[in-house]
Amino acid sequence: MSLYGMMRTGSSGMNAQASRLSTVADNIANSATTGYKGASTEFSSLLLPSVSGNYNSGAVQTDIRYGISNQGALQYTSSSTDLAINGNGFFVVQDSSGVPYMTRAGSFVPNGAGELVNAGGYKLLGYPYTADSPTPVVNGYAGLTPISISSNSLKATGSTLGTLISNLNASAAIVDPANLPSDTSGAETKYTHKTSIKAFDTLGNEVLYDVYFSKTADNTWQLAVFNAAGRDQTSGSFPYGTDSLVVPQIDLEFDPTTGKLTDASKADAQLVLPSAADGGVVPNMKEMTLDFSSMTQLSYDFTIRATVNGNAPSEVSKIQIGGDGIVYAQYKNGDLLPMYRLAMATVQSPDQLRVISGNVYAQSNDSGIVILGFPGSNGMGSIVSGALENSTVDIAEELTRMIESQRTYTANSKVFQTGSDLMDVLVNLKR
């Protein structure tokens with residue numbers, strides 16, 4: 001056995017333990033870092049061929065690994081912009097140069113521009129909501145923009161869709177056709193049921209529509225919609241002013257067996273109210289669809305439930321983020337409007353991702369390609385708002401590794417020292 005080889009083996013062992021102590025130091029230093037994944041040092045032997053009965057001591061080589069796929073415990077906070085992922089996947093963020101990365105560090109706060117930035121200075125990315133719901137680009141970062149929750153301006157949205165679910169009382173009496181609601185109806189007008197629906201014009205003004213249901217025959221009803229601004233102020237209904245009838249009255253037929261609208265009437269029950277530009281009677285209104293197609297006629301009291309989109313001018317009071325990653329702006333008037341949807345990324349082998357300063361990760365040759373999606377779909381985890389993912393570091397385990405490495409380092413130093421002493425004996429044989 002070569003004495004120099006023995007000394008090199010001892011030196012290799014000391015270097016390996018020094019690397020292990022370095023990962024232990026990093027882990028302990030980041031034990032309180034949000035989303036940090038603990039590093040570990042793995043050892044493998046490096047053997048040299050032995051000849052003529054002499055053993056050639058080899059060495060030990062190290063490989064640093066990160067447990068990126070391990071999930072830390074969730075800790076709840078009071079901030080709605082603190083985010084954690086329960087399950088697989090990563091937030092998509094970008095640095096100041098616009099380069100995208102992946103991270104599990106979700107301690108986001110607004111910067112001066114209203115963009116959500118984490119403790120590492122990386123901006124959170126998502127897909128903006130437009131007229132249509134966003135769709136992810138599966139194999140790339142195209143379409144992602146920094147999520148901004150700036151509330152410097154008021155926002156009003158005109159109504160375009162109202163959905164109504166109601167039941168008309170099948171036992172109601174038939175109304176005389178001579179007294180049905182019309183644009184010339186007077187105080188003697190008769191009807192069976194009445195309700196009002198609130199919508200918004202493009203300036204955010206409230207617009208009320210009065211809706212009348214009149215039973216004209218068995219299983220047949222007439223539907224009329226009026227602009228409430230034209231109603232008589234004394235009676236609160238008829239007579240209405242000129243041009244108050246929003247669309248011509250329609251007749252609806254119900255199946256006498258099921259109490260549901262016939263197929264032909266379902267199509268007629270989707271009323272399209274023309275916009276002001278197309279001759280509609282309500283100023284500043286967009287084209288709006290009132291969908292009555294889910295209406296029924298059963299022997300039960302008149303009931304109705306309605307949802308109408310749009311909102312009045314209001315300032316953003318706070319941000320809410322759902323488990324599906326949709327970022328809502330909650331206005332002071334109580335309205336919730338979707339602004340963005342968070343993107344999530346994953347790879348085939350998360351533990352092989354390239355680790356970069358700032359607690360972020362990038363694709364490597366061994367990790368596989370980046371796949372994007374939405375929270376809660378395609379194996380992605382869900383978003384937990386008001387929570388942070390703790391570091392995966394176990395202090396007790398790290399201290400145990402520190403003691404082990406210290407003892408092993410000392411033992412390797414003894415090997416080196418013994419080799420050095422033997423070398424001194426060999427040199428002194430000449431005397």
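Predicted model: local features only at pLDDT ≥ 70, side-chain atom pairs only at ≥ 80, totals over all residues.
In which order do the strands of the open sheet of 4 strands stand? The order is β13-β14-β15-β16, and the pairing is antiparallel. β13 and β16 are the edge strands; each has a single partner, so one side of each is left without a neighbour in the sheet. Now look along the strands: on average, neighbours in this sheet are turned by 20° against each other, direction ignored.

**Between β15 and β16**

Keep β15 and β16 and hide the rest. These two strands run antiparallel and are joined by 6 bridges. To see a facing pair, select Trp-221, which has Leu-252 of β16 opposite.

Next, show the loop between β15 and β16, where Pro-239 is found. The peptide bond between Phe-238 and Pro-239 is cis, with omega at about 0°. Asp-243 belongs to the loop between β15 and β16 as well. Asp-243 is not a glycine, yet its phi is positive, about 60°. Most residues other than glycine have a negative phi, and most peptide bonds are trans. Is Asp-243 buried or exposed? Asp-243 counts as exposed because its relative accessibility is 57%, and the cut-off for exposed is over 50%.

Move to the loop between β14 and β15 and select Asn-219. Asn-219 also has a positive phi without being glycine, near 65°. With a relative accessibility of 24%, Asn-219 counts as partly exposed.

**The largest nonpolar core**

Show the side chains of Tyr-209, Phe-213, Leu-223, Leu-271, Leu-273, Phe-292 and Met-295. These have the most contacts inside the largest nonpolar core, which has 27 residues. Seven strands each supply at least two residues of this core: β12 (161-169), β13 (193-200), β14 (206-217), β15 (220-227), β16 (245-253), β17 (270-273) and β18 (288-291). In soluble globular proteins, nonpolar side chains tend to be buried together.

Centre the view on Phe-213. What is Phe-213 in contact with, leaving aside its neighbours within four places in sequence? The list includes Leu-168, Tyr-191, Trp-221, Leu-223, Phe-292, Met-295 and Phe-302. Thr-192, His-193, Thr-195 and Gln-222 are also in contact with Phe-213.

Select residues 90-94, which form strand β5. How many of its 5 residues are buried? The count is 5 of 5, and the strand is mostly covered.

- β6 (residues 100-103) pairs with β5 in the antiparallel sense over 4 bridges.
- β25 (residues 344-346) runs antiparallel to β5 and is joined to it by 2 bridges.
- β9 (residues 123-128) is also antiparallel to β5, with 2 bridges.

Phe-91 can be followed to two of these strands. Its bridge partner in β25 is Met-344, and in β6 Phe-91 stands opposite Thr-103. For β9, select Gln-94 and its bridge partner Lys-123. β5 and β6 form a hairpin with 5 residues between them, and Gly-98 in the turn has a positive phi of about 90°.

Select helix α1, residues 3-29, and find Arg-20 in it. Arg-20 is buried, with a relative accessible area of 15%; the cut-off for buried is under 20%. Apart from neighbours within four places in sequence, Arg-20 is in contact with Thr-41, Phe-43, Arg-401, Glu-404 and Ser-405.

Turn to helix α3 and select Gly-419. Gly-419 is buried, at 0% relative accessible area. Beyond neighbours within four places in sequence, Gly-419 is in contact with Met-6 and Met-7.

The last stop is the second largest pocket, with a volume of about 380 Å³. Select Gly-38, Ser-40, Arg-65, Tyr-66 and Gly-67, the closest to its centre of the 19 lining residues. β1 (39-46), β2 (59-66) and α3 (395-428) each give two or more residues to the lining. The largest share, 4 residues, comes from β2.

Note on methods:
Residues numbered from 1 in each chain as written. Heavy atoms only, no water. Core = buried A, V, L, I, M, F, W, Y, C linked by side-chain atoms within 4.5 Å. Buried < 20%, exposed > 50% of the residue type's maximum accessible area, 1.4 Å probe, protein only. Contact = heavy atoms within 4.5 Å. Pairing = 2+ DSSP bridges. Axes fitted to C-alpha atoms, helices over the stretch in contact; angles between N-to-C directions. 1 Å grid on protein atoms, 1.4 Å probe; cavity = no way out; pocket = protein on both sides within 12 Å on 5 of 7 lines; lining within 4 Å. Points joined across faces, edges and corners; volume = space filled by probe spheres on them.
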